[in-house]
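Subject: Structure handover

Hi,

Here is the structure I promised to pass on. My notes on what turned up in it follow below.

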Amino acid sequence: MAAVFPITQQISSSAPQSSRAAAQLSVSEAEDCLIYDRHGAPAPFRSLFQSSRAIIIFNFLCFACKEYVEDLSKISQKALLDAGVRLVVIGQASCSHIEAFCSLTGYQHEIYVDPERQIYKKLGMKRGETFMETASKSPHVKSSMLVGSLKSMWRAMTSPVFDFQGDPLQQGGAIVVGPGSDVHFAHFDMNRFDQAPINQLLELAGMQMVDFNRHPKVIDI
């Protein structure tokens, strides 16, 4: 497999002044922050990337994040194991939301929560949304703003999984990091549609890309 070299600039459709170069991003301040699994058991953030490369995705509160994670679920466990890469989602809700969220999205990889958003804050992720005229919509989001918002509202009223826990204005992001604290890529979302394309993350982690169009769409009412 060809060597993957660190990327020294964030690739993003967001405004340049909001970009963070990977070479300038340090995870050291966040390494001791605690993440919690579905049982509420804590672990330090650094445990995710100390000994292997990890793709870490932040946020799963809004409909766009849900649809993004549905596509993450299409990545096979075997492909991750063969590449020695961990795929991790870190949300900002209670750990009690994890089981139902995984059932809803089909996500079977590692997932944790940062309920106080300590890692989000220390890494400098944005709060609030900025929409750029030149920004392209995430290829992983299938719903429009109106339809997606209505779906989210309906789930919030009918399921404890979507009970508005967390900060709805908190934006997420994605990093490729490790082994150790070397950050190879960093993307901080400017809005709910400004997510790093999953195939870009896979390629930067040294993995084969996935044809997401070959998979049937997940339709939920």
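A word on terms before anything else: helices (H or I, at least four residues) and strands (E, at least two) are DSSP runs, numbered from the N terminus. By that scheme, histidine 187 sits in strand β7, residues 183-188. Histidine 187 counts as buried because its relative accessibility is 2%; buried means under 20% relative accessible area, exposed over 50%, and partly exposed in between (1.4 Å probe, protein chains only). Its side chain makes a polar contact with the side chain of aspartate 189, at 3.2 Å. A polar contact here is a pair of N or O atoms within 3.5 Å; within protein, one must be able to donate a hydrogen and the other to accept it, and residues adjacent in sequence count only if both atoms are side-chain atoms.

Please keep in mind that this is a predicted model: local features need pLDDT of at least 70, side-chain atom pairs count only at pLDDT 80 or more, and totals for chains, interfaces and linings use all residues. Residues are numbered from 1 along each chain as its sequence is written, and side-chain values use heavy atoms, with hydrogens and water left out.

Now the overall layout. The protein has 6 helices and 7 strands, in the order β-β-β-α-α-β-α-β-α-α-β-β-α along the sequence. Of its 221 residues, 48% count as buried.

Strand β4 (residues 85-91) is largely enclosed by the rest of the structure, because 6 of its 7 residues are buried. On one pairing, 6 bridges join β4 to strand β3 (residues 53-58), and the two run parallel. Strands pair if DSSP finds at least two bridges between them. β4 is also joined to strand β5 (residues 110-113) by 4 bridges, again parallel. Valine 89 of β4 is the bridge partner of isoleucine 57, and its partner in β5 is isoleucine 111. From β4 the chain crosses through helix α3 (residues 98-105) to β5, and this β-α-β crossover is right-handed: with the strands pointing away from the viewer, the path from the first strand over the helix to the second runs clockwise.

Lastly, the largest nonpolar core has 28 residues, of which Ile55, Ile57, Leu72, Ile75, Tyr107 and Leu201 touch the most other members. Such a core is a set of buried Ala, Val, Leu, Ile, Met, Phe, Trp, Tyr and Cys residues joined through side-chain atoms within 4.5 Å. Helix α6 gives the most to this core, with 4 residues.

Best wishes
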